[in-house]
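Reader: I am new to this structure. Please show me how to read a few of its features.

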Amino acid sequence: MSANLTREDTMEVINSVGADTEHLLMILLELQRKSKHSYIDEETAHIVADAVGISYNRMFEVLSFYAMLETKPKGKYILEVCNNTPCYFNKSSKVVEVLEQELGIKPGETTYDGMFSLQYTPCVGACDIGPVIKVKDKVYGNLNPAKIRELIDTLRKQ
Ligand code: FES
């Protein structure tokens, strides 16, 4: 794995959140959010371990314990399909089916070109327009196959 955040950027996040073990999870989540491919690479993990004073083994235990922490690069766009009950009843499984056909990947996977990752998310608070997909901070609702294909095309062109 190669670094996707500079040492300076990493240290800036660590110092702004607070360089101690109490803030470890918050530091890692913030670094992941800032990472170009939404993951914590090995070099970054080592810098954080040194800064908060824990062993590398302990750091890798933490990284593998929390499901929300990623250690592999994700796509440029992470398509998060809500699968909580209201969206489920509005056929969120159909959304996943269309995305699987369009992208050739299953939830938890990333396309070969590194453009898209597909995953589930809990409720994003937009149940009235379900089924929904969240991409970065934007929520797309009232989806049907045509709208999903349009969204993928738009993202591909960006
Ligand atoms: S259940 Fe999907 S947005 Fe709330």
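**Reading the backbone and its surroundings**

Author: This is a predicted model. Start with Leu5, which sits in the segment before helix 1 (7-17).

Reader: Is Leu5 buried or exposed?

Author: Count the C-beta neighbours. A residue is buried if 20 or more other C-beta atoms lie within 10 Å of its own. Leu5 has 20 inside 10 Å, so Leu5 counts as buried.

Reader: Which residues does Leu5 touch, leaving out those up to four places away in sequence?

Author: Its contacts are Thr10, Leu31, Lys34, Ser35 and Thr44. Take Leu31. Leu5 and Leu31 are 26 residues apart along the chain, and their C-alpha atoms are separated by 8.1 Å.

Reader: What should I look for in the backbone angles?

Author: Most residues other than glycine have a negative phi, and most peptide bonds are trans. Look for the exceptions. Ser38 is not a glycine, yet its phi is positive, about 50 degrees. Asn142 also has a positive phi, near 50 degrees.

Reader: Where do Ser38 and Asn142 lie?

Author: Ser38 is in the loop between helix 2 (24-34) and helix 3 (42-52). Asn142 is in the loop between strand 4 (138-140) and helix 7 (145-157).

Reader: Which peptide bond is cis?

Author: Look at the bond from Gly130 to Pro131: it is cis, with omega near 5 degrees. Pro131 lies in the loop between strand 2 (116-121) and strand 3 (133-135).

How values were computed
Residues are numbered from 1 along each chain as its sequence is written. This is a predicted model: local features need pLDDT of at least 70, side-chain atom pairs count only at pLDDT 80 or more; totals for chains, interfaces and linings use all residues. Helices (H or I, at least four residues) and strands (E, at least two) are DSSP runs, numbered from the N terminus. A residue is buried if 20 or more other C-beta atoms lie within 10 Å of its own, exposed if 12 or fewer, and partly exposed in between; C-beta atoms are placed from the backbone. Two residues are in contact if their C-beta atoms, placed from the backbone, lie within 7 Å.
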